[in-house]
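Please look over the sequence and the structure shown here before reading the briefing. The notes are written for a reader who is new to them.

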Amino acid sequence: MSSSVAPNLSRAGRSTHAQAILGPELYARLPNTKVLLVGAGGIGCELLKNIVLTGFGDITLLDLDTIDLSNLNRQFLFRKKDVKQSKALVAAQTASAFNPNVHIIPILANIKEPQFDVDWFQSFDLVLNALDNLEARRHVNKMCMAAGVPLVESGTAGYLGQVQPLLKDRTECFDCVTKPTPKSFPVCTIRSTPSQPIHCIVWAKSYLLPQLFGEDEDGGAELDEAEKQGENAQEIAALRKEALAYKAVRSILRSASSTEDAPRMIFQKVFQSDILNLLSMEDMWRSRAAPTPLDFDSIKEGTFSLRETHKPASATNGKSLALPEGKMNGVKTSPLNGNGVSTSPQNGTGLKDQRALSLQDVLALFISRYTDGNLPTSSDRLAARLRGGEETIAFDKDDDDTLDFVTATANLRAAAYGIERKTRWEVKEIAGNIIPAIATTNAIISGLIVLQALHLLRKSYQLLKNVHVQFKPAVPLSTINMCSPNPHCGICRDTYTKFLCDPAIVTLGELVDGILGDGEARGTGKREVSVYEDKRVLSDPDWDDNNDRTLESLNVTRGKFVSIVDEEGEWGTIAVAIGVLPPNHPSDAPPFILPPQLPRPPRQVRPATPTPTEPSRKRSAPDDEIEVEPSAKRPRTNGPSLPDVSSPSKKRRLEDDGFLMLDSATDKLDDDVIEID
């Protein structure tokens, strides 16, 4: 057999099943269909493999992340040797071997960067989302709505998953349904009055670790914001003093010549002195349980007794048993570090990260040294890294040093406040914002994404489905017909257009006038409008100071959107995508290019004004009597009731404020009274 025949047979064998299933016409389109795949994680790896084997030949893969050790259990395109390398680059290299005819362009970048504008999105035929970030999902959704490019959205959480095809004007978009906002906690709750394990973990990860080993030296910005939000001023003042005291500890941690026991000094300050300082504010503890200062020597000896936790490990007759720490339910425990090293001859039989930690275990992980003298604590290891040249250390769930430190300090704080302690694995899940990922769920979802993508390419819109993978063995998949766009959605109901310009020259007024047009042959014509960029007001009918400023001076540049909102509400919103001029734009031409057809948004349907009913002309009989029962409650009104300004009490209050109320327009004023219209 000649060498030229073998490759043809190989290609025929590779594509036989795909051609039979998809049909020759659709299959022939796939090699030239430009696909953008955003995300190369759990779903992204499975999805890249699927579209390569299906026959898609022109793929752009974008991801800003690098490979972590924890990714290897489900992201099968990566190996241990690839850790710390670009996910997009390694995934492209690995998947290219599945089909020698595929062309994959890997990009290590953030999809929200300005170069990925509407023009860039319009260069693709299809966009597939494999993201785990809400803001990035919303951004891609808006760009696809503006570009008019079909999008397939997806996500998984454990055994659950969802696939949602999105197409402007035909289906609802990602923002048609309001998404829950991420949970946040008041500063004073995290810093002074925790009541849940997550409060202690957030404190250790986002406050203590940056204070000692990171960039945050005083946390002043966060406290300033908390003060603006009206949080307890006394607590905030105490927290400012506490933050200043960390500077001495920071300098010792970074000093190579220091002979002080830095971990013990941290313990004494954080878990004893700071708690004693909080206890001095008696008003704070009138309605909540006060914390217990921790004692280093007692914990080390195993004689420190804790008060009842919020979720007691054992109880008798409904009461918690106060056991000397170092024993869990009467069983002696041994210190265990993040690498599974125990200080006693006997190791636990369970998984190392899922072992319950006693207070002695936690102390060993944080402050004491192990019995062989060779294994330093998490505090020592982090301090050694600072002295070795690292300027700052940030939390990383795959960094054993930072994870051990957060596990130890969060559990010590939990012990002081009588809160249930967490295992190292639980701390890693919470602090690392880990959403449980199962490789099988990712594989199912990626297959469903390809099926919906093929419907979009065929334009078989009636076959599009919102598909859910659910935790029901009898019915693992459920499908829902696609919903129409939400008429009140602020994303997909806008009318999008492009405005190519030089932002350093073009003014805001030129943009608005150009997009509105003259109203006769082009555009809607000049009208009263308000102009926004995201949540910023750039101008409105009563404030046009920015109209003569350049777009660049207003930070309205490539990739941004300018929204033109009709002040009277008669027209829909126009969303203008800012782009750059082409390289061959003539130098003597205007510094902008208007769209060939100016946008004419739909007219808004204004609610009809109800016609007032004519009062009855029938007179009541003289002997008709209407009895009104006295009301015990003030009747509810649509708005705040206006007080009677002629009442004596109101008149007296006005006079107390220096005002004089006249009974009629003919009343005379004295010379020393100023008349106000």
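The briefing below starts with the protein as a whole and then turns to a pocket, a helix pair and some individual residues.

This is a predicted model, in which local features need pLDDT of at least 70 and side-chain atom pairs count only at pLDDT 80 or more, whereas totals for chains, interfaces and linings use all residues. Residues are numbered from 1 along each chain as its sequence is written, and side-chain values use heavy atoms, with hydrogens and water left out.

**Overall picture**

- The secondary structure comes to 19 helices and 18 strands, where helices (H or I, at least four residues) and strands (E, at least two) are DSSP runs numbered from the N terminus.
- Of the 677 residues in the protein, 44% are buried, a term that means under 20% relative accessible area, while exposed means over 50% and partly exposed lies in between (1.4 Å probe, protein chains only).
- Among the contacts with a separation of 6 or more, 64% are between residues 24 or more positions apart, and contact here means heavy atoms within 4.5 Å.

**The second largest pocket**

- The second largest pocket has a volume of about 870 Å³; on a 1 Å grid over the protein atoms alone, a pocket is an open set of points where a 1.4 Å probe fits, with protein on both sides within 12 Å along at least five of seven lines.
- Grid points are joined across faces, edges and corners, and the volume is the space filled by probe spheres set on the points.
- The lining of this pocket has 27 residues, of which H139, K142, I491, D534 and F561 are the closest to its centre, and a lining residue is one that has an atom within 4 Å of a point.
- Two or more lining residues come from each of α6 (134-147), β14 (529-533) and β16 (561-566), and the largest share, five residues, is given by α6.
- By class, the lining divides into 12 charged, nine nonpolar and six polar residues, where Asp, Glu, Lys and Arg count as charged, Ala, Val, Leu, Ile, Met, Phe, Trp, Tyr, Cys and Pro as nonpolar, and the others, Gly among them, as polar.

- D534, which is among the residues closest to the centre of the second largest pocket, lies in the loop between β14 and β15 (536-539).
- Although D534 is not a glycine, its phi is positive at about 55°, and the residue is exposed, with a relative accessible area of 59%.
- D169 is found in the loop between β6 (160-166) and α7 (187-191), has a positive phi near 75° in a residue other than glycine, and is exposed at a relative accessible area of 51%.

**Helices α8 and α14**

- Helix α8 (residues 197-213) packs with helix α14 (residues 378-387) at an angle of about 45°, and their axes are 11 Å apart.
- Axes are lines fitted to C-alpha atoms, for helices over the stretch in contact, and angles run from 0 to 180 degrees between N-to-C directions.
- The two helices are therefore oblique to each other, since angles under 35 degrees count as roughly parallel, over 145 as roughly antiparallel, 65 to 115 as roughly perpendicular and the rest as oblique.
- The contact is made by L209, L212 and F213 of α8 together with S379, L382, A383 and L386 of α14, and by class it has six nonpolar, one polar and no charged residues.
- D380 is also found in helix α14 and counts as buried at 17% relative accessibility, while its C-alpha atom is separated by 8.7 Å from that of L253, 127 residues apart along the chain.

- L294, in the loop between α11 (262-279) and α12 (296-301), is buried with a relative accessible area of 0%.
- Not counting residues up to four places away in sequence, L294 touches F267, F271, Q272, I299, F304, L412 and A416.
- E301 is found in helix α12 and counts as exposed at 59% relative accessibility, and its C-alpha atom is separated by 8.3 Å from that of Q360, 59 residues apart along the chain.
- Q360 is one of the buried residues of α13, a helix (residues 359-366) that is mostly covered, with eight of its eight residues buried.
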